[in-house]
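Colleague: I would like to learn how to read a model like this one. Please take the features one at a time, the rule before the case.

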Amino acid sequence: MNKTSWKRGELVVLILYALVFYAGIIHRSLQLSHDYSGKLFGLRPGWLNGRFNDVSDAQWRNFRGNLPILTIVFGLFTLMFNTLRPYYRLKSVGISVVWLMLSLTYLSYLHGACIIFILTIASINFLLVKIFAQTKYFSLVLWTFNVSVLLCNRIYEGYSFSAIGQQWAYLDNFRGTFRWQICFNFVILRMISFGYDYHWASHDTRFDQEKHIQRCKICTTGKTCYSLLQERSSRNFSFITYVCYLVYAPLYIAGPIISFNAFASQLDLPQKNYSVREVAWYGLRWVLDLLLAELISHFFYYNAFAVSGLWKQLSPVDIFIIGYGVLNFMWLKFLLIWRFFRFWSLINGIEAPENMPRCINNCYNLESFWKNWHASFNKWLVRYMYIPLGGSQRKLLNIWVIFTFVALWHDLEWKLLSWAWLTCLFFIPEQLLRSATNAFEVKSAFGEFVFRELSAVVGAITITCLMVANLVGYVMGPSGINWLISQFLSKEGLPILGGIVLTFYIGTKLMFHVGDAKQTRD
C-alpha cells in the first residue's frame, strides 16, 4: 500500500470514529439536559418548541438581552458617520472628532458620571507618556501606572464620588447601566499600546516596509496585513486621536484589541481588505452562528451544569461531556461577541484582528490554542510584553510573567491565577517534547510514521491538560483540582481517562489531515 492510499484509509477510519464520538456526545448530552432540567440554575422558558433556554452564563445573557439595542445604536452611529465623512470630506483629525463625540455619547449612557474617572485616568496616562517617552524610565513608569490602575479599579470597585468629597456624592446616583471598571481593562491595553507606539516612533524600528510587502502573502495580493498596519508609525499622536482610540465605540466594550498604530493608520486610509460583499457575508455568517448558539442553549444545558455545581454528582464520562460542552459553548459565545463588534468596526473602515480564527476543536498545542483563541490579545501580548521581555530567548520565563498578567487582567480571582500557572506548568513539558520531536530526523517512511505518531500522542496529552486548566479556571476553581484527579484516577475513572486521551489522539491525527489538505490547497 502506497503512502497516499494509507493516508486516505486512515482518514476514513478517523472520520468514522469522529462521527460515532459526536453522535454519542449529542445523545448523552440530550439525556443529561432532560434528566436534570428541574435541578439546574439559569434555565428560562425558551422560544423553541417549548424548551428551556440555558442563559446561566451572565456574559452571554447580558449580550443576548442587549443585542437589539446595540444593533440599533451601532446602526445609527454607522449611518451618521458614513453620511458626515463624505459630505465634509473628513480626514484623520475630523474622523477622530466625530467618533470621539459619538463614543462619548455612548459611554455617557453606559457609565454615566463615571466617564469622569475614565477621562481623568486617560489624561494622566497621556501626560506620563509625553513626559517620559524619551527617558530610560519609560517602561517602568508606563507599566507601574497602568497595572496599579488595573488593580485599584477592581479593589475599590470603580471608586465612589463620595470618597473624593461629600459635595460630589450625588454623582454616585448617576453611574450608568454598566460598570466602567470592567470595560476599562481593554482601555488599559490601549493606553499601553499608545505609550509604546509613541515611544518607538522616535526610534529606528528597522522595519523594511518594501521588503515586507514583497515577502508577505497578504500584502503581495494588494491587501494590507496587520503586521504592516502595526509597524506603520502614525504621526498623529494628538490627545483627540488618543482618546478616540481609547473609547472607539464599536470596539470599546469587548474588542477585538487593536494597536494604536493600526487604528490611527486606518483613519486616513480605511480598510480595503474586505469588500462590501465580503462584509455582508461576514455579517450573514454571524447570524448563522447566532442561530447555532440558540439551538445549543435550547437543547444542551452545559453551562447550567457548571453554574449549578451538579457536575459533582455525575460519573467521570458525564463530567468529561459537560466539561467539553462548556469549553465549546465558551468558544461560540466569545466568537459571537467579538465578531459582532468587529463587524461594526469593519463597516466603519477600521479592521481589527480576528479573534477565534480557528475552531477550538482544531488546536492541538498550547501555543496554537492561545494564538487562535483571543488572537488579538495574543498579538498585543507578543508586541508589548513578549518581545520587550526578550522573546524566544527567555520563553519559559516570559510565559509566567505574561500569563500572570493575563489572569490579573481578567479579574482578581485565585481560580484565574490557578488557570494561568497551570497553563505555564503544562507549557514546559510541551516545549521539551516539541524540542525532542523537532530534533528527530526523519530519514525514512517508517521514521515519518513514528514522528507523526509521537506528535499525535503529544497533542492528545496537551489537549487533556488544556481541558483541565480551563475547567479549573472557569468552572470548578483551584479547590476542584483534587476532586477532579480523584474522580479520573479511580477504578471507574481510569478507563474513561484512557478513552479521553485516545479520543484526543485520534482528534489530533484528524487535525494533521486537515493541515495537510490546507497545505496542498495553498
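Modeller: Start with the salt bridge: a side-chain nitrogen of Lys or Arg within 4 Å of a carboxyl oxygen of Asp or Glu. Side chains of opposite charge can pair when their charged atoms come close. Here Arg342 forms such a bridge with Glu354, with the closest N and O atoms 3.4 Å apart. Arg342 lies in helix 14 (residues 316-347) and Glu354 in the loop between helix 14 and helix 15 (366-371), so the pair ties together parts that are 12 residues apart in sequence. Salt bridges with shared partners join Arg339, Arg342, Glu351 and Glu354 into one network.

Colleague: Where do the atoms and the numbering come from?

Modeller: This is a predicted model: local features need pLDDT of at least 70, side-chain atom pairs count only at pLDDT 80 or more, and totals for chains, interfaces and linings use all residues. Residues are numbered from 1 along each chain as its sequence is written, and side-chain values use heavy atoms, with hydrogens and water left out.

Colleague: Are Arg342 and Glu354 buried or exposed?

Modeller: Buried means under 20% relative accessible area, exposed over 50%, and partly exposed in between (1.4 Å probe, protein chains only). Both Arg342 and Glu354 are buried. Of the 522 residues of the chain, 50% count as buried.

Colleague: How many salt bridges are there by this rule?

Modeller: The count comes to 13. One of them joins Glu294 to Arg64, with the closest N and O atoms 2.7 Å apart. Glu294 lies in helix 12 (residues 276-299) and Arg64 in helix 2, so this pair ties together parts that are 230 residues apart in sequence. Glu294 counts as buried at 7% relative accessibility, while Arg64 is partly exposed at 28%.

Colleague: What counts as a helix, and how many are there?

Modeller: Helices (H or I, at least four residues) and strands (E, at least two) are DSSP runs, numbered from the N terminus. The chain has 21 helices and 2 strands.

Colleague: Which residues have the most contacts inside the largest nonpolar core?

Modeller: In soluble globular proteins, nonpolar side chains tend to be buried together. A nonpolar core is a set of buried Ala, Val, Leu, Ile, Met, Phe, Trp, Tyr and Cys residues joined through side-chain atoms within 4.5 Å. The largest has 153 residues, and Tyr106, Tyr252, Trp373, Trp380 and Phe405 have the most contacts inside it. Helix 14 gives the largest share of this core, 21 residues.

Colleague: What does Tyr252 touch?

Modeller: Contact means heavy atoms within 4.5 Å. Not counting residues up to four places away in sequence, the partners of Tyr252 include Tyr106, Phe186 and Arg190. Ser418 sits in helix 18 (residues 414-439) and, leaving aside neighbours within four places in sequence, is in contact with Val472 and Pro478.

Colleague: What are the overall dimensions?

Modeller: The C-alpha atoms fill a box of roughly 70 × 60 × 45 Å, taken along the principal axes. Among contacts with a separation of 6 or more, 75% are between residues 24 or more positions apart.
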